[in-house]
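Please read the following briefing alongside the sequence and the coordinates.

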Amino acid sequence: MKVCCEKCGKPLEANEKFCSECGTENLQYEAMTGVRTYNTGLMVWSIINLFLCNILGLIAMMFTMSARNAATPAQATKDLKVAKILNIVATVVGCVVIILSVVFTLVTFLTLFGKNGIFTELLQDLLKEYEIVF
């Protein structure tokens with residue numbers, strides 16, 4: 001199936017994402033090659049990972065966007081694969097960081113306010129001093 005450039009009319013090959021004459025994007029590239037150069041799901045996942053693990057989510061987003069402008073289908077596929085791997089790693093790292101943060105917060109809270117915590121004794125002394133009974 002031959003397609004012509006929408007701007008200058010030059011015939012385009014199946015693997016040409018951009019016209020070699022005028023540089024216009026071949027809008028039928030994905031249909032001709034069967035290669036998706038943009039994955040909305042990966043982009044959303046990358047944005048979510050920006051909040052979980054900033055730097056890996058940002059890098060994954062860059063690879064997802066670069067797949068759209070890749071010169072060849074092989075490069076687009078490679079970029080999307082790298083973006084997927086980075087998103088998996090970012091999700092795992094982000095979840096581990098969240099779990100560790102929750103555990104650290106609980107340990108700190110129990111250390112300060114637990115049965116023998118630092119602030120527990122201060123509060124008990126204040127309650128005794130002002131004769132407040134619970």
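**Surface and interior of a predicted model**

Phe109 is partly exposed, with a relative accessible area of 48%, where buried means under 20% relative accessible area, exposed over 50% and partly exposed in between (1.4 Å probe, protein chains only). The model is a predicted one, in which local features need pLDDT of at least 70 and side-chain atom pairs count only at pLDDT 80 or more, while totals for chains, interfaces and linings use all residues. Residues are numbered from 1 along each chain as its sequence is written, and side-chain values use heavy atoms, with hydrogens and water left out.

**Nonpolar patch**

- Phe109 is found in helix 4, helices (H or I, at least four residues) and strands (E, at least two) being DSSP runs numbered from the N terminus.
- Together with Leu110, Phe113, Ile118, Phe119, Leu122, Leu123, Leu126, Tyr130 and Ile132, Phe109 makes a nonpolar surface patch of about 1000 Å².
- Patches are made of residues with over 30% relative accessible area and no salt bridge, with like charges joined within 9 Å and nonpolar side chains (Val, Leu, Ile, Met, Phe, Trp, Tyr) within 5 Å; a salt bridge is a side-chain nitrogen of Lys or Arg within 4 Å of a carboxyl oxygen of Asp or Glu.
- Helix 4 (73-113) and helix 5 (118-129) each supply at least two residues of the patch, and the largest share, five residues, comes from helix 5.

**Overall fold**

- The secondary structure comes to five helices and two strands, which follow the pattern β-β-α-α-α-α-α when read along the sequence.
- The protein exposes about 9400 Å², of which carbon and sulfur atoms supply 69%; accessible areas come from the Shrake-Rupley method with a 1.4 Å probe, and for residues only the protein chains shown count as cover.
- Of the 134 residues of the protein, 26% count as buried.
- Among contacts (heavy atoms within 4.5 Å) with a separation of 6 or more, residues 24 or more positions apart account for 39%.

**Interior**

- The largest nonpolar core has six residues, namely Leu42, Ala67, Ala70, Ala76, Leu80 and Ala83, and its largest share, three residues, comes from helix 4.
- Apart from this core lies another, of five residues, among them Cys53, Ala60, Leu86 and Ala90; a nonpolar core is a set of buried Ala, Val, Leu, Ile, Met, Phe, Trp, Tyr and Cys residues joined through side-chain atoms within 4.5 Å.
- Asn49, in helix 2 (residues 40-52), is buried, with a relative accessible area of 0%.
- Leaving aside neighbours within four places in sequence, Asn49 is in contact with Asn54, Gly57, Asn87, Ala90 and Thr91.
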